[in-house]
Amino acid sequence: MIEPVKRDPIHPGQESVWDYPRPPRVEHTGEHITIELDGVTVADTRDVVRVLETSHPPVYYLPRGAFTPGVLQPDAGHSYCEFKGAAGYLSVGSRARSAWFYPTPNAGFESITDRVAVYPGSMDRCTVDGETVRAQDGDFYGGWITEKIVGPFKGAAGTTGW
């Protein structure tokens, strides 16, 4: 029998990933996002869409135009999300398969069309409103953890049954 997940306590100004919906919610945010790689800022924008799904830290999607020209390159592979649809992969600079995008997402997710999400653990530094992001455990989901977000989070060893 699987034990129920014990939610982390929520303090003022925080949000719990256990209050996020399934299927996921998509929302525009004015948060300031930066991404650094090899000592250079490769993306900087406030034109951000985040996807919120139960048990997952937010995933941020940025317009391609927020990235330094030429830093995004097509990479091999595809995956499929039951909610968002078929995704393609990108390299960011020298980091292979470190970003993904949905060229034609499923209904309800049109606002992420051709926007780019990166795995924060593959970058040198990602920030949300100046705060350095901690990457979600595991190598599949790509969530961005800040002090504003509380878990526990799916992705680490032993969480596949959540």
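**Salt bridges.** I looked up the charged side chains and noted that Glu 15, Arg 25, Glu 27 and Arg 50 are linked in a network of salt bridges, where a salt bridge is a side-chain nitrogen of Lys or Arg within 4 Å of a carboxyl oxygen of Asp or Glu. I kept in mind that this is a predicted model, in which local features need pLDDT of at least 70 and side-chain atom pairs count only at pLDDT 80 or more, while totals for chains, interfaces and linings use all residues. I also wrote down that residues are numbered from 1 along each chain as its sequence is written, and that side-chain values use heavy atoms, with hydrogens and water left out.

By this rule I have 12 salt bridges in the count. I noted how strands are assigned: they are DSSP runs of E with at least two residues, numbered from the N terminus. Both Arg 50 and Glu 15 are buried, a word I use for under 20% relative accessible area, with exposed for over 50% and partly exposed in between (1.4 Å probe, protein chains only).

Next I looked up the salt bridge between the side chains of Glu 31 and Lys 148, at 4.0 Å, N to O. Glu 31 lies in the loop between β2 (25-29) and β3 (33-37), and Lys 148 in the loop between β14 (144-145) and β15 (149-150), so the pair ties together parts that are 117 residues apart in sequence. Glu 31 counts as buried because its relative accessibility is 10%, whereas Lys 148, at 32%, counts as partly exposed.

**Strands.** I then followed an open sheet of three strands, which has the order β2-β5-β6 with antiparallel pairing; two strands pair if DSSP finds at least two bridges between them. Here β2 and β6 stand at the edges with a single partner strand each, so one side of each is left without a neighbour in the sheet.

**His 56.** Which strand holds His 56? I found His 56 in strand β6 (residues 56-61), and I marked it as buried because its relative accessible area is 8%. Leaving aside its neighbours within four places in sequence, His 56 is in contact (heavy atoms within 4.5 Å) with Val 17, Tyr 20, Gln 136, Tyr 141 and Lys 154.

Last, I looked up the largest pocket and the residues that line it. Of its 27 lining residues, the closest to its centre are Glu 53, Cys 81, Lys 84, Phe 140 and Tyr 141. A pocket is an open set of points on a 1 Å grid over the protein atoms alone, where a 1.4 Å probe fits, with protein on both sides within 12 Å along at least five of seven lines, and lining residues have an atom within 4 Å of a point. Which strand gives the most to this lining? I noted that β6 does, with four residues.
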